Structure formats: structure tokens, C-alpha cells
Amino acid sequence: MDLLEYQGKQLFAAHGIPVPEGRPATTVDAAVAAAEELGYPVVVKAQVLVGGRGKAGGVKLAADRDEVVEHATAILGMDIKGHTVHELYIEAASDIDEEYYAAFVFDRSAKKPMAMFSKMGGMDVEAIADEDPEAMRMLHVDPLLGFQDFHGRRLAFEAGIPADVIRPVGALLAKLYETFVAEDAMLVEVNPLLITKSREAVALDAKVTLDGNALFRHPGSADFGDKGAADPQEQMAAERGLTYVKLDGNIGILGNGAGLVMSTLDVVAQAGGSPANFLDAGGGSKAEAITQAVEVILSDPKVKAVLFNIFGGITRCDEVAKGLIEAFSQIQPEVPFVVRLNGTNEEEGQRLLAEANLPNVHTETTMDGAAAKVVEVAKAQGVAS
Ligand code: GDP
Ligand code: MN
């Protein structure tokens, strides 16, 4: 799970990393109120889950109230690389002497966390790598020993930063590692790591990715993320505990098991269709879960046809049929369905569907046949509508 800058900074502050004082704001009025509280000058910063906000005009210095109004108005609603700005962070402005780069990431091949540090901060990490690959200093951290003082000193010496800031930078790195471990993060990045005019080290930006599978250990972090940007179908699916990913096509897909759903997407694409989503109803899905899944799929207005591809193992085909029949009684879908039921209780499932005689539901026996059929009926829908 990716965190907005100010959410990452909340975690940083909780672990003793120096960050400028700031307040989130979702309206121009709230931005002004925050700035008045902090005192001028402030920085108005777009809160979106993408880097390069500065270059895109999403980070602006404001010397007074009028400038806060001007920048907050311009930045709220702005599109930054496809991300709409729903929220701002108003932060006390900092005096910049130098900008460094610092991060901890997992190096999966080494099975260890890796520290990264460069004195060329502020710009994209890719740009640093392009400009001078040697400028990025890296070292692995033994997870049992942790990040030691000598690690910090070594990175600082190798990167060639001035002697007077080695100590504050080392201290910040140690706390950053502590944050990385304690919060079950996959990535913590500080770019720029700022050296102020008074030669203090401060985290001026924060990019934090938490391990979603460890969230149960961090109930306080559950509300993080960019709520305003959540896709309505994905949000609906998450609330129902379904594994759903929105895609940009028009054929709704439901299957059981991630592998089967992935191959269903491929087969539909091969048949000339374009899937609208990935939805794994999971193993052992009961009728109610199927009904809820159908609601999520159909809430996407682009969907012109739906394909059910069920391979019954733990999942029973009769339960899937019951769920589909229930969905039809509750929501009367207007788009055609193609259903392929194969495996456990297949005959019972087919019998229930035949008995229910649902309008516009086609059954197929093979995956290829079902894919071809759903592409055909989706195209016919396109022509009709
Ligand atoms: P990013 O572009 O999305 O990485 O956003 P950052 O938070 O890193 O900000 C981009 C740049 O804006 C920084 O590298 C700084 O040069 C500048 N900046 C951000 N905050 C301040 C501030 O308080 N004072 C000054 N003078 N510049 C700032
Ligand atoms: Mn940055």
C-alpha cells in the first residue's frame, strides 16, 4: 500500500525523524487556515501517489495568504501524470542548503534490506543513476544486526558529503531504518533529504510503501492511502472482500482462482475481446459471494457482456449457479452472460441454470468456446446500443 507524502511523514515523525510542521487540507479554505496556523512562508504540496510533483507544478512556495489561495486553487483538481489532486499538504517552508537522497528497499535477490544514499537529491532516482551511477551508494543490512552507526558513516563518506553533516545524516538514516522495520514497509524513500541553512538533516519528502499483508499488525495505518483516488468498483470490491482489479475493456470476467482468471483474460484477448476486470471469486465461493461479485462487475458501466469461467474443485458449480440465479432476481442484468461450469457438481449447476431459464444466459462447455461466445455477444451488444 502506497502512502501519501504527509502520511509517510506522520510515520517518520512517530519514529523521531525530523520533518517540517504541516497540515493536510482538502479545500482552499482549509489550506488558508493551515497556513495561518503555521505562519508564512509555507509550501503548498499536491498529495498524489506519484513523484515529480515539483516539476509538474504541484509544489509551490506561498509567501502570504493570497498566494496560498492562488496555489491551492490551481493545485486542487490538477492532473499530475493521470492522478487527480484531491488533497494538499501545507507545510512550513524550509531553507535549503543541500538536497540528498536516502532510501531503504528490499533487495529480494539478496534477501536483505538495502540502504541507498546519494548527495545528488531532489531529482528522480533514475536521473541520478543516469547522470552518475557512482553517486548512488548502496549497502545491504543484515536483518539480525540491523543498521549500525558504521553503516551510516560509510554511506556518508562514500557519497562524499561534508564532514559536519555526517552525524545528523547518519542519525536520520538509523531512524529511517527503524521506521522501515517497525512499520513493515517495503520502501521508505526520502528525496530530498534536506540539509537546512543551520546544517540540520530533515526529511522534506516521503515516499512510503507498506506491506499490505502486514497491515493487520498496524491498525493505525489502515486508513492511509489516497482514498479520493480509489476506483468505485475497486472500492466496492474491497468492502466485500473480493479480489478485483479494474481493466479497461468491456467484458466482465468472473472465475475462481487467480491462475484460472489470469488465463481467462488471455483467452478472451486471444478471441478478440477486451476484459473489463480481473475478479477472483476464490475457492469455495458460496452463492452470496457470487451475487455480490456480479453486482461489482455490473456496476462498471462499460461492461457489455459477462463471462463466468468456473472450474469446480473446492468451489461447487451448483453454488455458483445459485449465486447467479439470485443475482438475476436481485438486479435483472441487461447484458448477456456466458457461463462455463466445469467440475464439482457440474450437472447440478447446469440443471439449476436450465430450470431457471435466465434471460440472455448462454452456457458453454469449454473455455475457448466460452471466450469466443462472450466476444460475439459483447460485439452484438455494441452494435445494438
Ligand atoms: P516531488 O517533486 O514530487 O519529489 O516533490 P518534493 O516534495 O520532493 O518537492 C520537490 C522540490 O521542491 C524539492 O526538491 C525542493 O527543491 C522543493 N521544495 C519542497 N519543499 C520546499 C521548501 O520548503 N522550501 C523550498 N525552498 N523548496 C522546497
Ligand atoms: Mn521528492
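This report describes the ligand site, the domains and some backbone features of a predicted model.

## Basis

The model is predicted, so local features need pLDDT of at least 70, side-chain atom pairs count only at pLDDT 80 or more, and totals for chains, interfaces and linings use all residues. Residues are numbered from 1 along each chain as its sequence is written, chains are lettered from A and ligands numbered from 1 in the order in which they are written, and side-chain values use heavy atoms, with hydrogens and water left out.

## Shell around ligand 1

Ligand 1 is surrounded by 16 residues, each with a heavy atom within 4 Å of the ligand. Lys45, Arg53, Gly54, Ser94 and Glu99 are the closest. The shell comprises six nonpolar, six polar and four charged residues. In this scheme Ala, Val, Leu, Ile, Met, Phe, Trp, Tyr, Cys and Pro are nonpolar, Asp, Glu, Lys and Arg are charged, and the others, Gly among them, are polar.

At least two shell residues come from each of strand E2 (42–46), strand E7 (96–107) and strand E10 (185–196). Strands (E, at least two residues) and helices (H or I, at least four) are DSSP runs numbered from the N terminus.

## Polar contacts and burial

A backbone N or O atom of Ser94 is 2.8 Å from a ligand oxygen, and one of Gly52 is 3.3 Å from a ligand oxygen. In the side chain of Asp205, an N or O atom lies 3.0 Å from an oxygen of ligand 1. Ligand 1 taken alone exposes 570 Å², of which the protein buries 79%; these areas come from the Shrake-Rupley method with a 1.4 Å probe.

## Domains

An automatic or database assignment sets the domain bounds. The chain is divided into domain 1 (21–92), domain 2 (96–221) and domain 3 (231–380). Domain 1 and domain 2 each give at least three residues to the shell around ligand 1, and their C-alpha centres are 25 Å apart.

## Backbone features

The Tyr40 to Pro41 peptide bond is cis, with omega near -5°. Pro41 is in the loop between helix H2 (28–38) and E2. A cis bond also joins Asn191 to Pro192, with omega near 10°, and Pro192 is in strand E10.

Asp184 is not a glycine, yet has a positive phi of about 55°. Asp184 lies in the loop between helix H6 (166–182) and E10.

Key. A polar contact is a pair of N or O atoms within 3.5 Å; within protein, one must be able to donate a hydrogen and the other to accept it, and residues adjacent in sequence count only if both atoms are side-chain atoms.
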